[in-house]
Amino acid sequence: PFIIHHHLAEHPLMALDSLFALCRRLPSAVQFRRGIIPGNADFDSSYVRFRDGLSLDETLDHFEALKAYICIYNPERDPVYRPLLQELLAEIAEAIGPTDPVITWYSTYFFISTSGAVTPYHMDREMNFLLQVRGDKEVLLWDPNDGEIMSPQDKDRMLYGAWRPNYKPSFEAKAMHFDLHPGLGVHHPFIAPHRVHTLDGLSVSLAFTFRTLKSDMLTQAHCFNERLRRLGMSPHPVGESEAMGRFKAAASDAMEVPIHLWRAGKQLLH
């Protein structure tokens with residue numbers, strides 16, 4: 001992880017009124033809940049468990065009084081926001097070009113939260129830049145290469161399916177802390193676990209999440225390992241050898257072919 005600087009805080013589309021208007025244009029892309037929840041709550045179910053019967057309009061109209069938390073998924077789909085976010089994509093692609101030159105997929109997210117809000121412990125299957133636009137946040141990041149935080153088996157299983165490793169209280173001492181203020185951002189490495197706390201006042205953040213050829217290769221290699229584990233084998237961890245990682249990624253693609261052909265044939269037979 002590392003800190004970066006940006007100028008998004010000065011852009012008029014980052015104003016709260018503009019973002020709430022975006023929510024109303026894209027209501028199906030908005031998830032919302034109460035903001036103050038346990039830090040070890042399940043991330044995937046938190047929007048349902050802590051919504052407390054709120055409607056989107058009610059949440060927007062009384063956002064701070066309700067201590068609410070909003071995530072806007074894929075604002076790049078909106079024609080008003082698309083040019084700005086595509087410009088950001090170009091800048092990020094240029095910045096990472098020397099080390100990881102090809103972005104294969106990206107998605108953006110706005111997080112709007114009130115004082116004390118928590119994004120619970122979780123990990124994504126991509127890399128991420130979290131850019132602070134308004135207010136202050138504390139970001140806690142964990143090293144995915146620490147075997148206590150995520151074992152090789154954990155990573156294989158997570159990248160193969162929908163499972164996520166759980167938080168343990170013993171992890172707290174190993175967290176890396178980053179204080180974000182408007183104009184600062186922090187890079188989240190590939191599959192790095194993290195938790196985010198909104199400090200005093202209202203906060204607006206933009207997350208730019210992306211995959212690259214290198215992260216795609218690693219994902220495929222982990223999927224290959226998990227397939228071997230399900231056959232009763234004990235493969236070497238991904239990352240011990242770059243050449244072996246490339247081989248496993250190619251083998252993972254090859255293993256998909258018979259399944260694909262079998263499914264296609266089954267459809268024809270029925």
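The model is a predicted one, and its secondary structure comes to 7 helices and 11 strands. Among the contacts in the protein with a separation of 6 or more, 85% are between residues 24 or more positions apart.

**The sheet of 7 strands**

- An open sheet is built from 7 strands in the order E1-E9-E6-E11-E4-E3-E2, and the pairing in this sheet is antiparallel.
- Strand E1 (3–5) and strand E2 (30–34) stand at the edges, where each has a single partner strand, so one side of each is left without a neighbour in the sheet.
- Neighbouring strands of this sheet are turned against each other by 20° on average, with direction ignored.
- Strand E11 (residues 203–212) is mostly covered, since 9 of its 10 residues are buried.
- Strand E4 (residues 103–113) runs antiparallel to E11 and is joined to E11 by 10 bridges; along this pairing, Trp105 stands opposite Arg211 and Ser107 stands opposite Thr209.
- Strand E6 (residues 127–134) also pairs with E11 in the antiparallel sense, over 7 bridges, and here Gln132 stands opposite Ser205 of E11.

**The sheet of 4 strands**

- An open sheet of 4 strands has the order E5-E10-E7-E8, again with antiparallel pairing.
- E5 and strand E8 (176–180) are found at the edges, each with a single partner strand, so one side of each is left without a neighbour in the sheet.
- The twist in this sheet averages 15° from one strand to the next.
- In strand E10 (residues 194–198), 4 of the 5 residues are buried, so this strand is largely enclosed by the rest of the structure.
- Strand E5 (residues 118–122) pairs with E10 in the antiparallel sense over 3 bridges, and within this pairing His122 stands opposite His194 of E10.
- Strand E7 (residues 137–141) pairs with E10 in the antiparallel sense over 5 bridges, with Lys137 standing opposite Thr198 of E10.
- E7 is also joined to E8 by 5 bridges, the two strands running antiparallel, and Val139 stands opposite Phe178 of E8.

**Helix packing**

- The axes of helix H5 (residues 152–160) and helix H6 (residues 213–230) come within 8 Å and cross at roughly 105°; an angle from 65 to 115 degrees counts as roughly perpendicular, and H5 and H6 are therefore roughly perpendicular to each other.
- On the H5 side, the contact is made by Pro152, Gln153, Lys155, Asp156, Arg157, Leu159 and Tyr160, and on the H6 side by Thr219, His222, Cys223, Asn225, Glu226, Arg227, Arg229 and Arg230.
- The buried residues of H5 are Asp154, Lys155, Asp156, Met158 and Leu159, and the buried residues of H5 pack against H6.
- H6 in turn lies across E4, E6 and E11, and runs at about 70° to E11.

- The largest nonpolar core has 49 residues, of which Met14, Ile70, Ile72, Tyr81, Phe110 and Ile112 touch the most other members.
- A second, separate core of 16 residues includes Cys71, Leu130, Val186 and Ala192.
- Not counting residues up to four places away in sequence, Ile70 touches Phe20, Cys23, Val30, Gln31, Phe32, Thr59, Leu60, Phe63, Phe110, Phe111 and Ile112.
- Thr59, one of the residues that Ile70 touches, lies in helix H3 (residues 56–61) and has a relative accessible area of 0%, so Thr59 counts as buried, the cut-off being under 20%.
- Leaving aside neighbours within four places in sequence, Thr59 is in contact with Phe32, Leu54, Leu66, Ala68 and Ile70.
- Thr59 and Phe32 are 27 residues apart along the chain, and their C-alpha atoms are separated by 7.8 Å.

Terms used:
Residues are numbered from 1 along each chain as its sequence is written. This is a predicted model: local features need pLDDT of at least 70, side-chain atom pairs count only at pLDDT 80 or more; totals for chains, interfaces and linings use all residues. Side-chain values use heavy atoms; hydrogens and water are left out. Buried means under 20% relative accessible area, exposed over 50%, partly exposed in between (1.4 Å probe, protein chains only). Two strands pair if DSSP finds at least two bridges between them. A nonpolar core is a set of buried Ala, Val, Leu, Ile, Met, Phe, Trp, Tyr and Cys residues joined through side-chain atoms within 4.5 Å. Contact means heavy atoms within 4.5 Å. Axes are lines fitted to C-alpha atoms, for helices over the stretch in contact, and angles run from 0 to 180 degrees between N-to-C directions. Angles under 35 degrees count as roughly parallel, over 145 as roughly antiparallel, 65 to 115 as roughly perpendicular and the rest as oblique.
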